[in-house]
Amino acid sequence: MLENCIRNVRTTRPLVHNITNYVTVNDVANILLACGASPIMSDEPEEVEEITSICGGLNINIGTLNKRTIESMFRAGRKAKELGHALLLDPVGAGASTLRTDTAVRLMDELSFQVIRGNISEIKTLALGSGTTKGVDADVADAVTEENLEEGAAFAKEFARKAGCIAAITGAIDLVSDGKLCYVIRNGRSEMGRITGTGCQLSGMMTAFLAASPDCQCEAAAAAVCAMGLAGEIAWERMQAGDGNATYRSRIIDAIYHMDEETLKAGAKYEIR
Amino acid sequence: MLENCIRNVRTTRPLVHNITNYVTVNDVANILLACGASPIMSDEPEEVEEITSICGGLNINIGTLNKRTIESMFRAGRKAKELGHALLLDPVGAGASTLRTDTAVRLMDELSFQVIRGNISEIKTLALGSGTTKGVDADVADAVTEENLEEGAAFAKEFARKAGCIAAITGAIDLVSDGKLCYVIRNGRSEMGRITGTGCQLSGMMTAFLAASPDCQCEAAAAAVCAMGLAGEIAWERMQAGDGNATYRSRIIDAIYHMDEETLKAGAKYEIR
Amino acid sequence: MLENCIRNVRTTRPLVHNITNYVTVNDVANILLACGASPIMSDEPEEVEEITSICGGLNINIGTLNKRTIESMFRAGRKAKELGHALLLDPVGAGASTLRTDTAVRLMDELSFQVIRGNISEIKTLALGSGTTKGVDADVADAVTEENLEEGAAFAKEFARKAGCIAAITGAIDLVSDGKLCYVIRNGRSEMGRITGTGCQLSGMMTAFLAASPDCQCEAAAAAVCAMGLAGEIAWERMQAGDGNATYRSRIIDAIYHMDEETLKAGAKYEIR
């Protein structure tokens, strides 16, 4: 019933507050609009509590964090927690610097995220409290594959249990777990990794899915992952000779714009372990 | 004679200083280049006066304001006022936070804007000094429609008179008034609301139109509104199966790139009340 | 053998740290991914040294500098210099404000850039220590043309010698000099100037080329210039009726995505003086 989750976004049109990096922020805004939600961006400490109060969800992405925006993340996060809003953390580059790792860990400790969404290297960093992330991409050595899938799913479940949230670990195979069950998702294409910000876009969209489906958070997170991967597949079908990552980027957002329940139901490729 | 205004931009190529949000800033730069103007972005208090001095217009957009950029808005604004430059305020999200409302009101009080351009909820917030804006989109309840058009035009005129500027209130029907007459503009498509930043882009482009046509400011503002809406119509004609808001975004800027006086003259849909 | 330089990027996949402006940052990230490199953006003083340490190159672009990011430029730059990383300066708008000119000059004095890449007006500003740049575009009066080419090449060589770096001066005709020889490059199209950030994109990509080919830095810089210009030519061939600068922007990045050694070898138009 993942497909209900996209319908819920389109009918409730949640307003999502994003404290996110300036690299991919435009794409985050456009994919939120594409899926039927509405974005607002604000990272000034003085106003973030008020801004988040009028929203249904808060997406915190540390991709280009600085001291001012870190303060905003905590202020907005506490308010969103107090109001019971959908609250998501995207720990971009956790492990690449002490500031990123520490900030992500402190955010986890103080706030109650519904979902933490990152690549496997970032999530491993959070699990260990330190990391070896090489930039903002996952280490190849960490990748979840068909060979180590059982181990990966067990890690996702354990991380979710310990962190008290849903873990959404995205890569060639995506894992979404609430600590009990684990969605194993095989949508998407490797070429999506050649576009900046598909992960950031997914985090923004997932926050809207969480806000629109408060009664089935794990399903909502999995639905967003399926929708993003499926959009990558649909978009790839529309690529023409000479098209590259810039065109692919637009076509993925376009595919979300047109995605309906039937498309998502027919195209979602997942199993539950 | 609205069409003269686009010719003036293409012949004088005004340099426009933008203190604008980081969400849509790339699109603002590209639409300024598309219409024949030249953009520069700068929001460091130490340099904004110098930067604005070499420009012909200043576009202030509070979409992701922070304390540093607010200071820059005032510094640059005072300098632009002193030099008699085209000066535009886009009060993004006024009403959504006290900081936004207060900043917009203080900017209005201290500077002499040629134009304030926003959606109806934002402008109502400025008229009242407080607001109920839901995020960065207009409240449906506030929308200007054929049914309440007389009332809307009267509000636009009154706001313009009291604020001592041109009011450009955009939505399904756009209103541009200098306090005496009111342009009622019916270009554009509702799908433009599914793209982030069409309003920000319009504000940037309008500043170029104002800088290029100092002797007919109200006409210049109306011409920019018609051009943007018409670009939305032309771009929509070029949409193909599967295209969505991301592709639409690019096609609108492309349509501005190709817009000439004849196209604008033939396509502008407006009346004066 | 310029074509080897693009192969080296694709095989070594360098991670490039960018402290760059928020206007064109998304395009810089996407073109780095398109050419086979990997981008990371970070401008918080507390973490930039750590971030740059895990990278192979640092691209410093002063397009929307502020006091916080200026500090980050120096901190990251010193670390990159200490580690012997590829280090590039893009002095966007040098000459347009005292802060930009002074910051660029101080960066030059303190760091050891492999390459300084800018338009002719920006580089002349750095040569003189002051300037008359009109915004972020080159003055027409300064342009390098077939008529003043000898003079231009002599200036590029002299600047490179005095600054102790490679000078990459881009415009209708591009010049890349290490002080001894000067590549004169005739790839590209004038329409590229109607897109925001083609220069910023080139700087990001060039940093990857420098990081991937440490033994032939001047060749690597020239190869990046040829690749960018050639991408502009290939992208233009793919333009359809109604396409404008927004579509052109995507198609250029797409062309980089597909560029291989054969394409670059066949399409590079340069002579060495």
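Begin by selecting chain C and chain A together: the area buried between them is about 2,700 Å², and carbon and sulfur atoms give 46% of that area. The model is a predicted one. Keep both chains displayed and colour the residues in contact; 33 come from chain C and 33 from chain A.

**The interface of chain C and chain A**

Turn next to the charged side chains. Four salt bridges are found across the interface of chain C and chain A. One to select is the pair A:Asp243 and C:Arg238, whose closest N and O atoms lie 2.8 Å apart. Polar contacts can be displayed as well: between chain C and chain A, 21 residue pairs are in polar contact, both residues being at pLDDT 80 or more. On the side of chain C that touches chain A, at least two residues each are supplied by helix H2 (25-34), strand E2 (38-41), helix H3 (45-53) and helix H10 (245-258) of chain C.

**The axis**

Now superpose chain C on chain A. Which surfaces do the copies use to meet? Only 9% of the interface residues of chain C are also interface residues in chain A, so the copies meet through different surfaces.

**The interface of chain C and chain B**

Chain C is laid on chain B by a turn of 120 degrees and a shift of 0.0 Å along the axis, with an RMSD of 0.0 Å. Here too the copies use different surfaces, as 9% of the contact residues of chain C recur in chain B.

The contact draws 33 residues from chain C and 33 residues from chain B, and the two chains bury about 2,700 Å² between them, with 46% of it on carbon and sulfur atoms. Select C:Tyr22, C:Arg194 and C:Asn245: they supply 24% of the area that chain C buries against chain B, more than any other three residues.

Across this interface of chain C and chain B there are four salt bridges. Select B:Arg238 and C:Asp243, whose side chains meet in a salt bridge at 2.9 Å, N to O. Between chain C and chain B, 22 residue pairs are in polar contact, both residues being at pLDDT 80 or more. Helix H5 (98-110) and H10 of chain C are the elements that give two or more residues to the side of chain C that touches chain B; H10(C) gives the most, with four residues.

Display chain B alone and select residues 198-212. This is helix H8 of chain B, with 15 residues and a reach of 21 Å from its first C-alpha to its last, close to the 21 Å expected at 1.5 Å a residue. Of the 15 residues of H8(B), 13 are buried, so the helix is largely enclosed by the rest of the structure.

Within helix H8 of chain B, centre the view on B:Met206. Is B:Met206 buried or exposed? B:Met206 counts as buried, at 0% relative accessibility. Beyond its neighbours within four places in sequence, B:Met206 is in contact with residues including B:Leu88, B:Val115, B:Arg117 and B:Ala168. B:Val115 stands 91 residues from B:Met206 in sequence, with 8.9 Å between their C-alpha atoms.

**Last stop: C:Thr69**

Return to chain C and select C:Thr69 in helix H4 (residues 67-83). C:Thr69 is buried, with a relative accessible area of 7%. Residues up to four places away in sequence aside, C:Thr69 touches C:Ile19, C:Asp43 and C:Thr64.

Technical notes: Residues are numbered from 1 along each chain as its sequence is written. Chains are lettered from A and ligands numbered from 1 in the order in which they are written. This is a predicted model: local features need pLDDT of at least 70, side-chain atom pairs count only at pLDDT 80 or more; totals for chains, interfaces and linings use all residues. Side-chain values use heavy atoms; hydrogens and water are left out. Contact means heavy atoms within 4.5 Å. Buried means under 20% relative accessible area, exposed over 50%, partly exposed in between (1.4 Å probe, protein chains only). The expected span of a helix is 1.5 Å times one less than its number of residues. Buried area is the accessible area (1.4 Å probe) that two parts lose on being put together, summed over both. A polar contact is a pair of N or O atoms within 3.5 Å; within protein, one must be able to donate a hydrogen and the other to accept it, and residues adjacent in sequence count only if both atoms are side-chain atoms. Copies are superposed by least squares on the C-alpha atoms of residues with pLDDT of at least 70 in both.
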